[in-house]
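Subject: Two-chain model, handover and notes

Hello,

Here is the model you were expecting. My notes follow below it.

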Amino acid sequence: MNDNPTHDRIAKDLAENEVLLFMKGTPVFPQCGFSAAVVQVLSELGVKFKSVDVLKDAEIRQGIKEFSNWPTIPQLYVKGEFVGGCDIIKEMFEQGELEPFFAERGIALANA
Amino acid sequence: MAMSAREIELAIRAALPDADVTITDLAGDGDHYAAMVVSGAFKGKTRVQQHKMVYDALSGRMGGQLHALSLQTSVKD
């Protein structure tokens, strides 16, 4: 991860944001159904999150895949930890695992 | 070019020989699939690790040649 300015930018962003979602588009105008699905889950729980639109930044779009060693977008990070993509987030939500996951990490849920 | 359901299944089976693989062509366009993979090799792994094992089996085609693969994994008893 040394000498890679994109990875440094990602690491800095992760350090500054407890809940960070790398997605296509924005929470209001998602540009991909998978990204929209994760936004919907987070909104349902009332989690405050920051998002990065990878469509606006080709370096991040490629860089985050290498950084996480994960081939697809969206990608959700909580306190610097990679939690998963759309399938995993949806599955955790449906199994009731996501709420305790956030709670254990001290992330406030407005709708819990 | 997109991958066929059969190609996806074979690639996953090549890496996880014991796996039960069920592929569904979601949109009927040969480009959006759902895969259910059940394997003993997933035992003791997190979901992220399990999904990575499947992505590794598809050796870099996920996110490129294979645009959309909705993935569900579980441990075989």
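Predicted model: local features only at pLDDT ≥ 70, side-chain atom pairs only at ≥ 80, totals over all residues.

Chain B overall

The order of elements in chain B, from the N terminus on, is α-β-β-α-β. Its radius of gyration is 12 Å, close to the 11 Å that the globule rule gives for 77 residues, so chain B is as compact as a globular protein of that length. The C-alpha trace of chain B spans about 35 × 20 × 20 Å along its principal axes. Of the 77 residues in chain B, 29% are buried. Among contacts in chain B with a separation of 6 or more, 52% are between residues 24 or more positions apart.

Within chain B, strand β2 (residues 32-39) and β3(B) run parallel and are joined by eight bridges. In that pairing, B:Val37 stands opposite B:Thr73 of β3(B). Together with α2(B), β2(B) and β3(B) make a β-α-β unit, and that unit is right-handed.

Chain A overall

Chain A has five helices and four strands. Read from the N terminus on, they come in the order α-β-α-β-α-β-β-α-α. A compact globule of 112 residues would have a radius of gyration near 13 Å, and the 13 Å of chain A agrees with that. The C-alpha atoms of chain A fill a box of roughly 40 × 25 × 20 Å along the principal axes. Buried residues come to 35% of the 112 in chain A. Residues 24 or more positions apart make 64% of the contacts in chain A with a separation of 6 or more.

Strands β1(A) and β2 (residues 50-53) of chain A run parallel, with four bridges between them. A:Phe22 stands opposite A:Val52 in β2(A). Between these strands the chain passes through α2(A), and the β-α-β crossover is right-handed.

Cores

The largest nonpolar core holds 26 residues, and those touching the most other members are A:Leu21, A:Phe22, A:Met23, A:Val38, A:Val54, A:Leu76 and A:Ile89. At least two residues of this core come from each of β1 (19-23), α2 (33-45), α3 (58-68), β3 (75-78), α4 and α5 (98-104) of chain A. To take one member, A:Val38 touches A:Leu21, A:Met23, A:Pro74, A:Leu76, A:Cys86 and A:Ile89, with residues up to four places away in sequence not counted. There is also a second, separate core of 16 residues, which includes B:Ile8, B:Ile12, B:Leu16 and B:Leu66.

A glycine in a helix

A:Gly63 is part of helix α3 of chain A. Is A:Gly63 buried or exposed? A residue counts as buried when 20 or more other C-beta atoms lie within 10 Å of its own. A:Gly63 has 20 such atoms within 10 Å, so A:Gly63 is buried. Apart from neighbours within four places in sequence, A:Gly63 is in contact with A:Thr6, A:His7 and A:Ile10. The C-alpha atoms of A:Gly63 and A:Asn4 are 9.1 Å apart, although 59 residues separate the two along the chain.

Where the chains meet

Nine residues of chain A contact ten residues of chain B. On the chain A side, β4 (81-84) and α4 (86-94) are the elements that give two or more residues. The most come from α4(A), which gives three. By type, the chain A side has three nonpolar, three polar and three charged residues.

The same helix has buried residues, namely A:Cys86, A:Asp87, A:Ile88 and A:Ile89. In chain A, the buried residues of α4(A) pack against α2, β3, β4 and α5. In chain B, they pack against α2 (47-57) and β3 (68-75). One of them, A:Ile89, is also listed above among the core residues that touch the most other members. After α4(A) comes A:Gly96, which has a positive phi, near 70°.

Regards

Methods. Residues numbered from 1 in each chain as written. Chains lettered and ligands numbered in written order. Rg over C-alpha atoms; globule rule 2.2 N^0.38 Å. Buried ≥ 20, exposed ≤ 12 C-beta atoms within 10 Å, placed from the backbone. Contact = placed C-beta atoms within 7 Å. Nonpolar A, V, L, I, M, F, W, Y, C, P; charged D, E, K, R; others polar. Core = buried A, V, L, I, M, F, W, Y, C linked by C-beta atoms within 7 Å. Pairing = 2+ DSSP bridges. Right-handed = clockwise from strand over helix to strand, strands pointing away.
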